[in-house]
Amino acid sequence: MRKYQQLLLLIVSFFCFFSFLFYRHEYLKLKSVLFYLNFFGRPPISNSSCIVFRSDFKESQVHKYNFLEPRSSWTKIENHYIYSSFWEDTEDGGYVRTLAIGPISSFSNYKCRVWFEEGDIIKSAPGTFKYDLDAQSKTNKGKNSLRKYFLKCHVKNNPDRGAPYGVLWVTPSNLDNVFSPLFIKPKAFVGPVICVKPDYSGYSKTNIIEFISFYSKIGVSNFIIYDAGIQHSLFPFLESVTSRGDILQSFSVLSWNFPEKDSKLESLSIKDDCSSRTFGASKLVGIVSWNEYIIPTRGNISTLTRNAAANLINLSFNTWLCCTNFPDDKLSLRSWPLFLRKTRCIQESPQETVLINLKSYIKVRQSMNYEMPSKIVTKRRYDTCIMLPAKPLETPVLSNFTDVASHQLLLLWKTHLNTSAIFN
């Protein structure tokens with residue numbers, strides 16, 4: 001009889017133990033859901049039919065998309081394509097500058113008109129058409145080589161004309177005329193900005209969140225994304241995070257339907273558009289791909305401006321290619337982001353990455369490079385290594401950045417994935 005009592009006690013003990021584990025599992029799931037809902041919150045329910053215009057809400061929404069409106073896309077104009085237009089004030093008026101690419105051309109008999117708005121009233125004024133050829137794009141050789149241009153439309157000062165909002169480019173045939181809206185530059189200073197080149201390799205959503213978490217860690221809260229195929233299910237999550245303002249300040253996604261297969265011309269076009277959008281709002285702008293990480297020794301990207309002369313434009317860094325097809329570092333944890341786990345790297349030639357002193361760049365449009373010492377900053381690029389050396393250099397784990405694994409944005413993303421799995 002005593003044996004049966006012991007057996008029953010053992011069964012009851014096992015049952016209680018496994019019930020406790022099941023209860024703990026459900027508790028943690030519920031805790032994650034509640035944390036997620038508490039972070040993002042819910043809109044208050046109002047029974048009032050009165051519509052109240054809140055200027056602070058409007059400002060917060062505009063602030064989220066500092067570098068987005070008006071939206072740009074590559075538009076064909078005869079044999080060329082134009083993308084974005086910007087207004088520049090001068091002593092005698094101002095001019096529009098539009099980014100364009102295409103074959104060698106003199107743009108004979110082109111005309112232009114600038115449109116202005118003042119309240120509900122719109123006006124237009126004829127302008128003087130000019131164009132500049134970007135010297136950096138002249139290196140493309142061949143009969144059918146492409147160039148990058150800046151179409152310009154200058155108008156004289158008129159106090160009654162209002163604020164400029166668009167430009168009409170008039171072709172000689174008058175059949176392919178194109179209207180291009182003017183980008184409105186942010187009025188406030190926003191700090192460092194990262195412009196991200198389009199992804200053509202299919203980066204995962206988690207890798208993208210790891211990328212943003214890292215740059216948030218080193219002091220970047222403004223991102224301009226040139227989108228050529230990112231998974232759009234990621235955007236609602238990032239917009240929700242941006243609306244809080246404590247992790248991301250602005251997150252602007254630009255459609256990038258680049259019409260030509262010329263990687264150098266594409267990079268030059270992104271550099272010009274990015275620098276034009278951030279001019280006057282930021283002194284430090286990084287142009288990188290999703291797999292490129294700027295590693296400042298002192299932990300904050302703003303320190304780079306303290307180590308370079310004020311008249312410099314481009315900074316280039318010592319760059320390492322870290323092989324993603326090599327095993328993880330032995331000291332790393334499986335839960336760490338990719339950039340912390342891969343430490344088998346190959347040194348590459350320095351690459352231009354960051355623009356400073358944007359005012360000078362806008363004026364002179366030329367490269368003035370300065371290679372930053374590796375003791376101040378380096379850059380790591382994470383990709384598959386095709387030509388493997390006999391023994392790639394074993395770089396140390398980025399110990400100063402291991403806390404990125406517990407960054408609030410990354411934790412929220414993992415919670416979001418778990419929550420989505422529960423409700424689905």
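What share of the contacts in the chain with a separation of 6 or more is accounted for by residues 24 or more positions apart? In this predicted model, such pairs account for 78% of those contacts. The chain has 424 residues, of which 46% are buried, and its secondary structure comes to eight helices and 18 strands.

**Surface**

**Disulfides**

- The count of disulfides in the model comes to four, and when the bonded cysteines are numbered in sequence order, they pair as 1-2, 3-4, 5-7 and 6-8.
- One of these disulfides joins Cys112 and Cys153, whose sulfur atoms are 2.1 Å apart, and the link is right-handed, with 90° about the S-S bond.
- The link between Cys112, in strand 4 (residues 111–118), and Cys153, in strand 6 (residues 146–156), connects distant parts of the chain that are 41 residues apart, and both of these cysteines are buried.
- Cys322 and Cys345 form another disulfide, with 2.2 Å between their sulfur atoms, and this link is right-handed as well, with 95° about the S-S bond.
- Here Cys322 belongs to strand 14 (residues 314–323) and Cys345 to strand 15 (residues 344–356), so that the pair, 23 residues apart, links distant parts of the chain; both Cys322 and Cys345 are buried.
- Cys323 and Cys385 are also joined by a disulfide, with their sulfur atoms 2.0 Å apart, but the link of Cys323 and Cys385 is left-handed, with -90° about the S-S bond.
- Because Cys323 lies in strand 14 while Cys385 lies in the loop between strand 17 (377–383) and strand 18 (393–394), this pair ties together parts that are 62 residues apart in sequence.
- Cys323 counts as buried because its relative accessibility is 1%, where the cut-off for buried is under 20% relative accessible area, and Cys385, with a relative accessible area of 4%, is buried too.

**Helix 4**

- In helix 4 (residues 235–244), the buried residues are Phe235, Phe237, Leu238, Val241 and Thr242.
- When helix 4 is viewed down its axis, these buried residues fall within an arc of 155°, and therefore they line one face of the helix.

**Nonpolar cores**

- In soluble globular proteins, nonpolar side chains tend to be buried together.
- The largest nonpolar core in this model holds 53 residues, and the members that touch the most other members are Phe211, Ile212, Tyr215 and Phe223.
- Helix 3 (residues 205–217) gives this core its largest share, which comes to six residues.
- Leaving aside residues up to four places away in sequence, Tyr215 touches Ile194, Val220, Phe223, Val288, Glu292, Tyr293 and Ile294.

Definitions and conventions: Residues numbered from 1 in each chain as written. Predicted model: local features only at pLDDT ≥ 70, side-chain atom pairs only at ≥ 80, totals over all residues. Heavy atoms only, no water. Helix = DSSP H or I, 4+ residues; strand = E, 2+ residues; numbered from the N terminus. Buried < 20%, exposed > 50% of the residue type's maximum accessible area, 1.4 Å probe, protein only. Contact = heavy atoms within 4.5 Å. Disulfide = S-S within 2.5 Å. Arc of directions from axis to C-beta. Core = buried A, V, L, I, M, F, W, Y, C linked by side-chain atoms within 4.5 Å.
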